[in-house]
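Please open the model in your viewer and keep the selection panel at hand.

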Amino acid sequence: MIVKSEPIAAISTPAGKGAISLIRASGDNILEIISKIFRFKNPEVSISNLKPRFAYFGYIVEYPTGKKIDEGILIYYKAPKSYTGEDMFELTCHGGVYITRKVLENIIRSGARQAKPGEFTLRAVLNGKMDITQAIAVNEIVEAQNEISLRVSLNKLEGKLREWLKNVKETVLELLKEIEARIDFPEDVSEDIDLKFIESKITSLIREVENIIKKSEKLAPFYRGVSIVIAGKPNVGKSTLFNVLIGEERAIVTPIPGTTRDILKEEITLEGFPLKIFDTAGLRKSADVVEEIGIKKAKEVIHSSDIVLFVLDASQGISEEEIEFWKSIEGYKLCVLNKVDLKDISLPDIFKPFVKVSAKEKVGIEKIFDFINEHLKKFSDIDIYLGDFEKNNLINALEELKKINVWDMPFDLIAFHLKEFVRKINHLIDIKDLSEEILERIFESFCIGK
Ligand SMILES: Nc1nc2c(ncn2[C@@H]2O[C@H](COP(=O)(O)OP(=O)(O)OP(=O)(O)O)[C@@H](O)[C@H]2O)c(=O)[nH]1
Ligand SMILES: [Mg+2]
């Protein structure tokens, strides 16, 4: 059971040695806990005249012995003007692993309990400091690895998703009002025009919601990390290209086809974007059991990657198999015609977009980076991202709209589905509509101390 005001505490900075650590506490009896573990350097300051949101220098002491354990800065926040909406304090101490744990232990001994992951933010939501989409945004910001996810999640924190949800809800409520009027006074309306009007309203709503979901899915790679796989026949130069892209001799390169068997993975940063790059086994029918497993794994990675670099060997020409494989790649793909230092050939249009390179001579590689960069920039105008919880709720709500068939459904049934839509949308807007179990599941993935 969620007990709102029970005092909780946690280390909010990452585990490990650092310059300083921050320990947070929230709930009832915060002042009493402070009095047990903190001694103000200024003798004129005491618990009774402590000013909220001021920084106080002092000693952190062991409870109950009163023995000094560190020096630190304490800030007290008085409810409701705090992150959680409860009484809180934040205590900064020296950033050693041992000392930080010791300070937390003493806060716990003074009456707080260890906070669960995301519990401070959960309380902020329960106390109306933020809504569920904003809480999710807080976590996304903590996890953000690139400009795009950071920008989009900041939008969410500022209420962009909530605003949109509210607008959609408002539109449905208006429509609902009109439909209910027709249930009450059916003789007042000309049915034909009416149904067309309702249908068009619902269709455009469905389109709007679907559009948001589709756009948001395009941003998913920026949240889980953009992955790029190098694929192609054996010996075309995949591993050579892999080594050039990551800037080190990581993969074994030999003139023997079938050199790479396992998947190799390295991370690089391109203009601030962390990218995961995979080298894979060459695709062919193989009698070798190990190689065959490698090829199976390669196909899985190709399938799940965001960008496929499909390598061809210009000196060997193009095979039917390669044309078939290229066609079968569904996602975003670039054809890399390699070994043009040996021979330059023209490629059939089907291989567009393509670049010509020599991985061995490191020629043309920047064109691959330009392509990746172009791809990443395409998403700069998308401004709403739906996390799993938000997306599933929205898809669920959307089902209700899709069930409506205005031509073959009584008004009260249409109204029912619209109400269900609103009820499901409310899960994202109004905390009252969420069960404790769902709430706890949302916050499970948060950091401790957040
Ligand atoms: N001339 C030339 N040779 C290259 C080029 N790229 C790779 N090679 C050579 O082609 C051979 C195969 O290169 P790898 O990088 O091992 O090819 P791979 O596609 O990883 O091969 P598998 O792992 O067997 O599938 C090696 O002898 C490389 O030196 C290139 O741009 N020009
Ligand atoms: Mg290889």
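The tour below starts with the domains and then turns to a sheet, a helix and a ligand.

This is a predicted model, in which local features need pLDDT of at least 70 and side-chain atom pairs count only at pLDDT 80 or more, while totals for chains, interfaces and linings use all residues. For your selections, residues are numbered from 1 along each chain as its sequence is written, and chains are lettered from A and ligands numbered from 1 in the order in which they are written.

**Domains.** Colour the protein chain by its domain assignment, which gives domain 1 (8-131), domain 2 (147-221 + 385-433) and domain 3 (226-375); such bounds come from an automatic or database domain assignment. Between the C-alpha centres of domain 1 and domain 2 the distance is 43 Å.

**The sheet.** Next, show the open sheet of seven strands, whose order is β3-β4-β5-β6-β2-β1-β7 with mixed pairing. Strands are DSSP runs of E with at least two residues, and helices are runs of H or I with at least four, numbered from the N terminus; two strands pair if DSSP finds at least two bridges between them. Because β3 (38-40) and β7 stand at the edges with a single partner strand each, one side of each has no neighbour in the sheet.

Now select β1 (residues 8-11), which pairs with β2 (residues 20-26) in the antiparallel sense over four bridges, with alanine 10 having arginine 24 as its bridge partner in β2. Towards β7 (residues 113-114), β1 runs parallel and is joined by two bridges: isoleucine 8 has arginine 113 as its partner, and alanine 9 stands opposite glutamine 114.

Which residues cover the two faces of β1? Ile8 and Ala10 on one side, and Ala9 and Ile11 on the other, are all buried, a term that requires 20 or more other C-beta atoms within 10 Å of the residue's own, whereas exposed means 12 or fewer, partly exposed lies in between, and C-beta atoms are placed from the backbone.

**Helix α11.** Move to residues 365-377, where α11 has 13 residues. Its residues Ile368, Ile372 and Leu376 are buried. They lie on the same side of α11 because they cover an arc of only 75 degrees around the axis, taken from the directions from the helix axis to the C-beta atoms. On the other side of α11, Glu366, Asp370, Glu374 and Lys377 are exposed.

**Ligand 1.** Finally, select ligand 1 and the 22 residues around it, of which Gly237, Ser239, Thr260, Gly282 and Lys360 come nearest; a residue counts as near if its C-beta atom, placed from the backbone, lies within 6 Å. Helix α8 (residues 238-246) gives the most to this shell, with three residues.

Technical notes. The expected span of a helix is 1.5 Å times one less than its number of residues.
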